[in-house]
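Colleague: I have a model open on my screen and would like to learn how to read it. Could you walk me through it, one feature at a time?

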Amino acid sequence: MLKITDARVIVTCPGRNFVTLRIETRGGLHGLGDATLNGRELAVASYLTGHIIPALIGRDAQAIEDIWQYFYRGAYWRRGPVTMSAIAAVDTALWDIKAKQAGLPLYQILGGASRTGVMVYGHANGSSIEETVAEAQRYQTMGYRAIRLQSGVPGLAATYGVSRDKLFYEPADAALPTETIWSSAKYLPTVAKLFEAAREALGWDIHLLHDGHHRLTPIEAGRLGRDLEPYRPFWLEDATPAENPAAFRLIRQHTTTPLAVGEVFNSIWDAKLLIEEQLIDYIRTTVLHAGGITHLRRIASLADLYGVRTGCHGATDLSPVCMGAALHFDLWVPNFGIQEYMRHSAETDAVFPHAYSFNDGALHPGEAPGHGVDIDEKLAAEYPYRPASLPINRLEDGTMHNW
Ligand code: EZ4
Ligand code: CO
């Protein structure tokens, strides 16, 4: 028995908001879990302080599975991003503690390394095709073996994935949602042109990815997938809204472009039909939003049966704590595909000292005991919470659309 003596929530904003759960145990070992839900940070913080922490204190930190079941099965109101992010934070912190207790990096506890490093993809974006391709060339020079391409759309003032600040794309840019205008008709013809230009400039020895960010109808997504086939994309991500898995049957009928979805999923039930019918190629659920290592492992095991590989979400709104845990998971998981990696700002990296490092297009979680990510609480306290929301999208006639 390793008794949990205390747990608390740390909210900090070193450029953007992060919520971190810190669990203390008798004897002094502590563990950290990321609980950040972009634009809804305080909802998870409140779920943790109001409902989870009081029931957590006094339990055995070693009983990870039982504690997971206690907070999932034991709650009448199950699933949802707020609940599952809170459970994930507990689970991640407990795996951190277990690995520290063993004196081993977390990947060793999960089953050891299945590969030498974790292939990551970076984000190249620009307001035009030329700018995006130039940015992608910069990533290629930095050693990236996989790059996501997003470019501005002629006739649209702003679009998903294209930042004002090249290094650190942060869509949650204002206290209340920024309103943007969307047109699938304007967007659709631009993507194949972007990929054509990118293949010409970057060659074929590099993986290219694209994120549709849940905006298309199934038949539009099928057409986009088909248009991209000559350029052999690694994947087309989030082509249609993720609530309706059956939509992917229609997309699948029309294209061999590999499909990825799941960054907004929070449980295995969201992914079950997609995996069992082999409607996707990559499942993008994360440690953080899908119930921690314990639940992500279950999703990955189901996916493995059907030839679906992992491609964990790794945007900057997931803290270095989530990234660290994800990298241990990625190094172990047999059906690994790729890991998203948007670099955090220098301020964020300073608040969260970490053992992971980038080399030759891959991240390695490092050999520190646990997940290898800590928090400098004194520094964190210098960055108080600032309200920030994700944008919303309207069609040109004012109709609300998916952002
Ligand atoms: O918009 O993480 O693939 N990455 C993404 C992200 C998401 C944000 C939402 O919080 O789609 O940029
Ligand atoms: Co995405």
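Modeller: Gladly! Let us begin with one pair: Glu170 forms a salt bridge with Arg16, and their closest N and O atoms are 2.6 Å apart. A salt bridge here is a side-chain nitrogen of Lys or Arg within 4 Å of a carboxyl oxygen of Asp or Glu. Some ground rules: this is a predicted model, where local features need pLDDT of at least 70, side-chain atom pairs count only at pLDDT 80 or more, and totals for chains, interfaces and linings use all residues. Residues are numbered from 1 along each chain as its sequence is written, chains are lettered from A and ligands numbered from 1 in the order in which they are written, and side-chain values use heavy atoms, with hydrogens and water left out.

Colleague: Which domains does the assignment give?

Modeller: Domain bounds come from an automatic or database domain assignment. Here they are domain 1 (4-105) and domain 2 (110-370). The contact (heavy atoms within 4.5 Å) takes 33 residues from domain 1 and 36 residues from domain 2.

Colleague: How much area do the two domains bury between them?

Modeller: Buried area is the accessible area (1.4 Å probe) that two parts lose on being put together, summed over both. Domain 1 and domain 2 bury about 2500 Å², 61% of it on carbon and sulfur atoms. Asp34, Trp95 and Pro105 supply 22% of the area that domain 1 buries against domain 2, more than any other three residues. Two salt bridges are counted between the domains.

Colleague: And which residues come nearest to ligand 1?

Modeller: A residue is near a molecule if one of its heavy atoms lies within 4 Å of it. Of the 14 residues around ligand 1, the nearest are Tyr160, His213, Glu237, Glu263 and Asp317. Look at the side chains of Asn38 and Arg284 too: a polar atom of Asn38 lies 2.9 Å from an oxygen atom of ligand 1, and an N or O atom of Arg284 is 3.1 Å from an oxygen atom of ligand 1.

How values were computed: A polar contact is a pair of N or O atoms within 3.5 Å; within protein, one must be able to donate a hydrogen and the other to accept it, and residues adjacent in sequence count only if both atoms are side-chain atoms.
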